[in-house]
Amino acid sequence: MRPSAIVDLWMYAVSYHRGLSKLRRLRALDQLERIAWGRGGLPTGRPHVPARTRPDRVTDIDRSLPPRRAPDGSTDPVSLTAAPPPKPRPAKKPTKKDGPSAEVVAVWEAEDGRCEACTRAMDRTCARVATVPPSSVPRLLCPDCTNHRPDPLTTAVVGPQTAQALAGALATTVEASAAWLVAGLRTYGVLLRLDGRRRRRRYWLPGVGAFTLFQAPASPPVVGGPLGKLRPHPTIRVKPQARTRGLPRLPQPDGAG
Ligand SMILES: [Zn+2]
């Protein structure tokens, strides 16, 4: 073989090897393109959805919502935070300002305001009603007979100022005017008001005036007043009982006059 032929063969071999390498590179590039474009060759156009939200993309609205707890049955978050239901208002209790009941007023009017035990006349606000077995008829009683207490006027004395003022109006002695006033109140005095807390009550002696009875403990009751100016020569105006049901008179408490 001629030397030139050897050189040509060598040159051909080199060029063949380069060409083969180039062909391999082209095949590898084609394979890379197929991988890059997917098996379908072209992109599908679907938007890119990240699998997880990045922390720097959580908005303030998202942070303001507290994480929710699943109810476990042991606690009720609503009852812990909600206001308690309003309590129902208790029924209004009757007060002294409400006055006596219709039943008491009816009995008081039927007996012309006189106690069916001691005959004490009284204002309707002082009236009491009770049934005395075996009868079921409501009877009108004064507070003293209701509580089985004697009439405090039976042991009452007249205060010195009251006795002095009355003696001047009656033109008599202090002792005589005091006796006259106590006897008049016992028989004709009308019980107007009771104030048990301050241990005082008020009586009205028709034709004379209104007086206060102070009931201090461990001492006899004292008549004070009068509430207002005494008229000269006062006279007790006796008003007979206008009406009654005519029932048998009830027994008076022990010690009552
Ligand atoms: Zn009575």
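This note goes through the predicted model point by point, from confidence and overall make-up to single residues.

1. Basis. The model is predicted: local features need pLDDT of at least 70, side-chain atom pairs count only at pLDDT 80 or more, and totals for chains, interfaces and linings use all residues. Residues are numbered from 1 along each chain as its sequence is written.

2. Confidence. The average pLDDT (the predictor's confidence in each residue, from 0 to 100) is 78 for the chain, and 61% of the residues score at least 70. Over residues 58-65 the value is below 50, and this stretch has two contacts in the model beyond near neighbours in sequence. A contact here means that the C-beta atoms of two residues, placed from the backbone, lie within 7 Å. Residues 73-81 also have pLDDT under 50, with one contact beyond four places in sequence.

3. Make-up of the chain. There are seven helices and eight strands. Of the 257 residues in the chain, 17% are buried. A residue counts as buried if 20 or more other C-beta atoms, placed from the backbone, lie within 10 Å of its own, as exposed if 12 or fewer do, and as partly exposed in between. Among contacts between residues at least 6 apart in sequence, 53% join residues at least 24 apart.

4. Six strands make an open sheet in the order 1-5-6-7-8-4, with mixed pairing. Two strands are taken as paired if DSSP finds at least two bridges between them. Strand 1 (121-122) and strand 4 (157-158) are the edge strands, each pairing on one side only. Within the sheet, strand 5 (residues 190-195) and strand 6 (residues 200-205) run antiparallel and are joined by five bridges. In this pair, L194 stands opposite R201 of strand 6.

5. The hairpin. Strand 2 (residues 128-131) and strand 3 (residues 138-141) pair in the antiparallel sense over four bridges. V129 is opposite L140 in strand 3. The two strands are joined as a hairpin through six residues. The loop between strand 2 and strand 3 holds P134, and the peptide bond from P133 to P134 is cis, with omega near 5°.

6. Helix 7 against the sheet. Helix 7 (residues 174-188) lies across strand 4, strand 6, strand 7 (209-214) and strand 8 (222-224), and runs at about 95° to strand 6. That angle is taken between N-to-C directions, on a scale from 0 to 180 degrees, with axes fitted to C-alpha atoms, for helices over the stretch in contact. The helix has 15 residues and reaches 21 Å from first C-alpha to last, close to the 21 Å expected at 1.5 Å a residue; the expected span is 1.5 Å times one less than the number of residues.

7. Which residues of helix 7 are buried? They are S177, A178, L181, G184 and L185. These residues lie on the same side of helix 7 because they cover an arc of only 135° around the axis, the arc being that of the directions from the helix axis to the C-beta atoms. They pack against strand 4, helix 6 (160-170), strand 6, strand 7 and strand 8. E175 and A183 are exposed on the other side of helix 7. E175 counts as exposed because it has 11 other C-beta atoms within 10 Å. Its C-alpha is 9.0 Å from that of Q164, eleven residues away in sequence.

8. Backbone points to check. Most residues other than glycine have a negative phi, and most peptide bonds are trans. A cis peptide bond runs from G225 to P226, with omega near 0°; P226 lies in the segment after strand 8. H148, not a glycine, has a positive phi of about 55°. H148 is in the loop between helix 5 (143-146) and strand 4, and is exposed, with 12 other C-beta atoms within 10 Å. R199, also not a glycine, has a positive phi of about 55°. R199 is found in the loop between strand 5 and strand 6, and counts as exposed with 12 C-beta neighbours inside 10 Å.
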